Amino acid sequence: MSEVKFSKEHEWITLDGDVATIGITKHATEMLGDIVFAELPEKGSSVDKDGNAGVVESTKAASDVYTPVSGEVVDTNQEIVDDPSKINDDPEGSAWFFKLKLKDKSEIDSLMNKEEYEKFAKENAG
Amino acid sequence: MGIKKTSLNKLHQDYKAKFVEFAGYEMPIQYTKGIIEEHKFTRTNAGIFDVSHMGQLFIYGEKDLTIELEKIFPLDLKNLKNNCSKYSFLMNDDAGIFDDLIITKIEGGFLIILNAACKDKDYEILSKLLKNKFKIKLDNERSLIAIQGPRSAEILKLVIPEVNKLKFMTGGWFDYQSEEIFITRSGYTGEDGFEISIINDLVEKFTQNLINNGAELIGLGARDTLRLEAGLCLYGQELNLNKTPIEANLKWAISKERLSNGGFLGSDKIKKQIQAGPKKLRVGIKPDGRLIAREKSKIFNESNLPIGEITSGTFGPSVNGPIAMGYIDKEFSKTNTKVLVEVRGKKYPANICGLPFYKKNHIKGASYE
């Protein structure tokens with residue numbers, strides 16, 4: 001497993017070979033509040049870097065989930081669809097959103113490392 | 001003009017509220033537990049809501065005031081006893097709704113609780129209609145808090161012992177630290193509860209007292225999910241100038257006697273609408289699965305023809321599923337009618353259902369002794 005990387009849209013990504021696992025950050029869940037609905041991209045579909053790849057909703061509002069890299073969706077986490085509160089419980093662990101077979105590994109290079117993301121999140125909080 | 005703060009702002013900060021701007025006020029949307037836990041706490045225990053942004057309009061006068069107010073509201077105010085409350089609306093001549101409100105007969109006049117976003121306009125409208133013949137005051141020196149939930153009577157009693165004698169939709173003056181506070185047994189959550197009007201200087205102490213006795217602060221986020229589960233309208237969403245009480249399914253709030261005799265704002269339109277039947281009606285809507293259909297989502301019939309629009313939609317924590325209210329063509333308003341709701345460009349199945357979504361065992365008119 002590679003180092004965890006982060007996007008400005010508050011997604012995290014880890015890489016295992018050419019398959020990436022993507023979810024939303026703890027910081028994102030704290031901003032959203034209680035998550036009550038999750039929609040994931042379809043298995044087998046292709047998603048483009050910075051494009052739409054799902055939706056999460058709190059009681060208050062709906063928010064788009066973006067993908068920080070391009071690729072083909074090879075797996076999705078049905079558990080968070082069935083029980084979205086799991087996203088609040090363990091956002092950066094068991095509550096991953098989807099796995100992508102990467103189109104271009106180099107897209108990861110431009111993403112932030114943990115330290116950079118924490119600084120970014122702090123500056124953009126509230 | 002900057003954002004306004006209620007007298008409980010510091011207490012909200014102490015309890016780590018997340019704030020939002022609402023009707024020009026900085027209000028707590030939630031505290032540390034989050035909306036779902038706050039919602040459930042209110043349903044099982046007792047939640048405290050700061051609703052000091054709402055308007056407290058005191059109008060003083062005798063019989064002639066009652067006569068003038070009956071020209072405005074569709075209520076039998078002549079027979080409204082002291083300390084009794086009614087739900088009503090301020091309408092225009094076309095029965096469009098300026099605001100929905102609770103009016104209580106008090107000694108020497110009336111107290112009207114108004115929505116925050118509407119209160120200044122309501123004051124203008126009512127002052128004009130009453131032609132400055134009566135003393136009318138939008139009281140900014142008083143705060144308003146609500147305590148709601150099955151334990152609210154038990155907890156409030158520890159602070160105000162005589163409060164138990166109040167029945168639903170009645171109120172009265174009580175003493176607290178040598179000041180008069182006005183308490184009504186009412187609310188906006190579908191639970192038993194009280195609303196307390198108290199001078200600004202004492203509200204923090206009073207609220208802290210309720211907290212010390214086991215109640216917890218609840219934000220506007222849970223207030224919205226609670227009222228939606230209870231099937232209650234929110235002004236600006238279910239109600240506005242383009243909706244009438246008949247379309248909003250609020251005919252029950254119009255006095256039968258007043259309806260037959262007329263003479264209040266919008267009475268002609270309301271009579272006509274009752275005769276002809278409204279084209280659209282407010283209904284409850286339950287999307288299948290977990291999908292949330294929010295305000296402005298379009299509703300379609302099974303042949304894909306547009307038949308209405310959602311006005312409020314969220315996840316109901318006690319219902320444990322998505323719930324919504326909206327307006328729909330009358331022919332589709334029957335319970336269990338299958339419809340489609342459009343969310344993010346796709347149509348999903350939903351069902352028309354009765355209101356409220358969540359019902360307590362004890363309900364309106366019950367005695368709470």
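## Two chains and their folds

Among contacts in chain A between residues at least 6 apart in sequence, 61% join residues at least 24 apart; two residues are in contact if their C-beta atoms, placed from the backbone, lie within 7 Å. For chain B the corresponding share is 67%.

This is a predicted model, in which local features need pLDDT of at least 70 and side-chain atom pairs count only at pLDDT 80 or more, while totals for chains, interfaces and linings use all residues. Residues are numbered from 1 along each chain as its sequence is written, and chains are lettered from A and ligands numbered from 1 in the order in which they are written.

Chain A contains four helices and nine strands. Helices (H or I, at least four residues) and strands (E, at least two) are DSSP runs, numbered from the N terminus. The order of elements in chain A, from the N terminus on, is β-β-β-α-β-β-β-β-β-α-α-β-α. Chain B has nine helices and 20 strands.

The table sets out overall values for each chain. A residue is buried if 20 or more other C-beta atoms lie within 10 Å of its own, exposed if 12 or fewer, and partly exposed in between, with C-beta atoms placed from the backbone.

| Chain | Span of C-alpha trace along principal axes | Buried residues |
|---|---|---|
| Chain A | about 35 × 35 × 25 Å | 40% of 126 residues |
| Chain B | about 65 × 50 × 45 Å | 46% of 369 residues |

The radius of gyration is taken over C-alpha atoms, and the globule rule is 2.2 Å times the number of residues to the power 0.38. For the 126 residues of chain A, a compact globule would have a radius of gyration near 14 Å, and the 13 Å of chain A agrees with this. For the 369 residues of chain B the rule gives a value near 21 Å, and the 20 Å of chain B agrees as well.

## The sheet of chain A

Six strands of chain A form an open sheet in the order β1-β2-β3-β9-β8-β5, with antiparallel pairing; two strands pair if DSSP finds at least two bridges between them. At the edges stand β1 (5-6) and β5 (46-47) of chain A, each with a single partner strand, so one side of each is left without a neighbour in the sheet. Within the sheet, six bridges join the antiparallel strands β2 (residues 11-16) and β3 (residues 19-24) of chain A. In this pair, Ile13(A) stands opposite Ile22(A).

## Where the chains meet

Nine residues of chain A are in contact with 13 residues of chain B. On the side of chain A that touches chain B, β4 (35-39) and β6 (52-58) of chain A are the elements that give two or more residues. The residues on that side divide into four nonpolar, two polar and three charged. Here Ala, Val, Leu, Ile, Met, Phe, Trp, Tyr, Cys and Pro count as nonpolar, Asp, Glu, Lys and Arg as charged, and the others, Gly among them, as polar.

## A strand and a helix of chain B

Strand β4 (residues 47-50) of chain B points Gly47(B) and Phe49(B) one way and Ile48(B) and Asp50(B) the other way, and all are buried. Four bridges join β4(B) to the antiparallel strand β10 (residues 142-148) of chain B, where Phe49(B) stands opposite Ala146(B). With strand β14 (residues 216-217) of chain B, β4(B) pairs in the parallel sense over two bridges, and Ile48(B) stands opposite Leu217(B).

Helix α6 (residues 200-212) of chain B has 13 residues and reaches 19 Å from its first C-alpha to its last, close to the 18 Å expected at 1.5 Å a residue; the expected span is 1.5 Å times one less than the number of residues. Buried residues in α6(B) are Val203(B), Phe206(B), Thr207(B) and Leu210(B). They cover an arc of only 100° around the axis, which puts them on the same side of α6(B); the arc is that of the directions from the helix axis to the C-beta atoms. The face turned away from this buried side carries the exposed residues Asp201(B), Lys205(B) and Asn212(B). Among the elements covering the buried residues of α6(B) are β4 and β10 of chain B. Just after α6(B), Gly214(B) takes a positive phi of about 115°.
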